[in-house]
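Please examine the sequence and the structure shown here before turning to the points below.

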Amino acid sequence: MSATIEQAEAPHQTFDTLLVLDFGSQYSHLITRCLRGLSLYSEMLPCTTKLSELSFKPKGIILSGGPYSVYDKDAPHADPAFFDLGVPILGVCYGMQEIAWRLSKENVARSNEREYGQANIQGQRHNSPVDRLFEGLEDAMQVWMSHGDKLNQLPEGFCTIATTQNSPFAGIAHKEKPVFGIQFHPEVTHTPRGKDLLRNFAVSICGAKTNWSMSNFCDQEIARIRNLVGPKAQVIGAVSGGVDSTVAAKLLKEAIGSRFHAVLVDNGVMRLNECQQVKETLAEHLGISLTVVDASQRFLDGLKGTDDPEKKRKFIGNTFIDIFEEEALKIEKEAENTPNAGKVEWFLQGTLYPDVIESISFKGPSQTIKTHHNVGGLPQRMIDGQGLKLIEPLRELFKDEVRDLGRQLGVHEDLVMRHPFPGPGIAIRILGEVTPDRVRIARQADHIFISMIREAGLYNEISQAYAGLDTNKAVGVMGDQRQEGYIIILRAVRTTDFMTAEAYPFSMEFLMNASRRIVNEVDGVALVTYNVTSKPPSTIELQ
């Protein structure tokens with residue numbers, strides 16, 4: 001996002017913040033998530049970030065792991081200014097090698113014996129401040145390793161605080177400065193005492209306060225929104241029926257009351273009976289007046305002939321904003337000569353932190369996985385600061401934090417636990433061109449699948465589930481006749497942060513019953529399959 005898009009004051013202006021510089025490890029986000037779970041606020045930024053770009057001073061810095069070797073020609077390196085900031089630093093895996101390499105290029109070399117998986121470390125005590133990282137932890141501890149390089153020698157000024165059979169410098173600490181490095185990954189569950197180590201770094205070494213909670217965030221965010229929006233301006237907000245937009249809408253309602261206007265755009269690719277259900281839910285449980293705009297034909301016409309997922313997302317994102325700007329003019333006109341008279345200046349989206357992480361392309365090691373509909377699908381005029389200004393109060397939160405925030409706001413538990421639904425809707429659950437008939441098939445199959453999940457009492461055990469459609473066709477036999485039909489792809493996952501996810505382990509009986517019902521009840525389907533791929537390497541949505 002361009003800096004010209006205004007946001008409510010970020011939490012790092014209020015809460016002690018641990019900054020994670022991401023060097024591209026698949027585990028980087030887990031460091032941030034783990035710290036949040038310890039009531040510590042943390043943000044993750046690309047390793048290419050310059051210190052001069054920060055609007056805050058972190059309490060401490062964690063350099064993540066990464067897939068590179070620090071001695072490679074194109075390897076990413078942190079801004080040297082971070083090392084002169086005077087705050088504690090912890091290097092994890094690649095991050096430790098980065099600390100050592102910048103002191104001497106001779107310090108890091110390829111290991112003859114690489115370490116992947118479980119390992120046992122042996123702590124070394126020095127009866128000095130360097131012991132703080134492992135304070136309260138056992139001398140012998142199980143950890144998770146994932147590295148092909150290692151320290152060739154101890155950097156000048158450092159001492160060894162942990163070893164393994166293959167790594168004589170599995171943990172290091174500067175003798176005088178609060179700079180630490182560990183070769184293993186404390187953020188993964190395979191390192192059982194990893195959270196305690198991170199707490200030691202954040203609290204004991206950095207002195208960060210453990211005051212990050214949704215109750216504190218809720219009160220401060222409401223105050224920030226009021227200050228940002230001002231006493232007269234109005235806000236228009238997109239709702240889709242998912243928990244993110246619902247909680248964001250409730251937050252705005254609490255902050256500015258009737259100056260917030262919720263709009264549900266029927267884009268023709270919603271779930272079965274979604275629009276009516278959302279309207280009833282928002283009015284009954286949240287007291288939010290909702291305007292439903294039927295733009296289904298406009299979207300479906302625009303999607304004709306488009307099978308590229310990025311083009312689908314861009315078209316849907318741009319068209320959404322066009323419609324909201326049209327609705328903003330209508331709202332302003334209707335509010336004339338009323339207490340709510342004022343310009344609609346702001347556009348609310350329920351963007352979450354994982355959305356941001358997945359959508360940002362780094363100049364360093366990480367690549368964009370896909371453009372998120374809430375982040376990369378905005379028109380250039382909004383990115384340039386023209387037209388409606390974007391407000392994203394949930395932008396720094398993970399999904400479970402949003403659910404906690406919803407409970408703080410009094411949102412009904414059924415809504416809090418509702419599965420996410422993407423802004424582009426069923427369009428990104430159809431592999432190929434979106435047509436009305438394909439939408440019908442995907443919608444009906446999805447309704448059957450979700451209904452069966454609810455009937456089995458599994459809904460709240462699953463983080464997200466849906467039925468997608470593969471536009472390739474399979475051959476089937478129905479009524480003794482050869483018949484071609486589409487392939488339905490069922491997807492259900494369990495996750496806490498939506499950055500990693502595992503397929504839900506349905507019984508074979510459940511899946512066979514779901515397949516039988518979908519093929520029998522949805523005209524045009526010949527085959528049903530279940531996607532068991534985890535994230536990564538897959539994503540939760542099909543596109």
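The model is predicted, and its chain has an average pLDDT of 88.

**Confidence**
- A pLDDT of at least 70 is reached by 92% of the residues.
- Over residues 1-8 the pLDDT stays under 50, and the model has 27 contacts beyond four places in sequence for this stretch.
- Residues 361-377 also stay under 50 in pLDDT; for them the model has 56 contacts beyond four places in sequence.

**Nonpolar cores**
- The largest nonpolar core comprises 98 residues, of which Ile-453, Ile-488 and Phe-506 touch the most other members.
- Helix α13, spanning residues 436-455, supplies the largest share of this core with nine residues.
- A second, separate core holds 40 residues, including Leu-35, Phe-134, Ala-162 and Ile-357.
- Beyond its neighbours within four places in sequence, Ile-488 is in contact with residues that include Ile-441, Ala-445, Leu-469, Ile-518 and Leu-527.

- Asp-523 is located in the loop that runs between α14 (508-521) and β19 (525-530).
- Asp-523 counts as exposed because its relative accessibility is 57%, and the cut-off for exposed is over 50%.
- Apart from neighbours within four places in sequence, Asp-523 is in contact with Arg-440 and Ile-441.
- Asp-523 and Gly-485 are 38 residues apart along the chain, and their C-alpha atoms are separated by 8.4 Å.

How values were computed: Residues numbered from 1 in each chain as written. Predicted model: local features only at pLDDT ≥ 70, side-chain atom pairs only at ≥ 80, totals over all residues. Heavy atoms only, no water. Helix = DSSP H or I, 4+ residues; strand = E, 2+ residues; numbered from the N terminus. Buried < 20%, exposed > 50% of the residue type's maximum accessible area, 1.4 Å probe, protein only. Contact = heavy atoms within 4.5 Å. pLDDT = per-residue confidence, 0-100. Core = buried A, V, L, I, M, F, W, Y, C linked by side-chain atoms within 4.5 Å.
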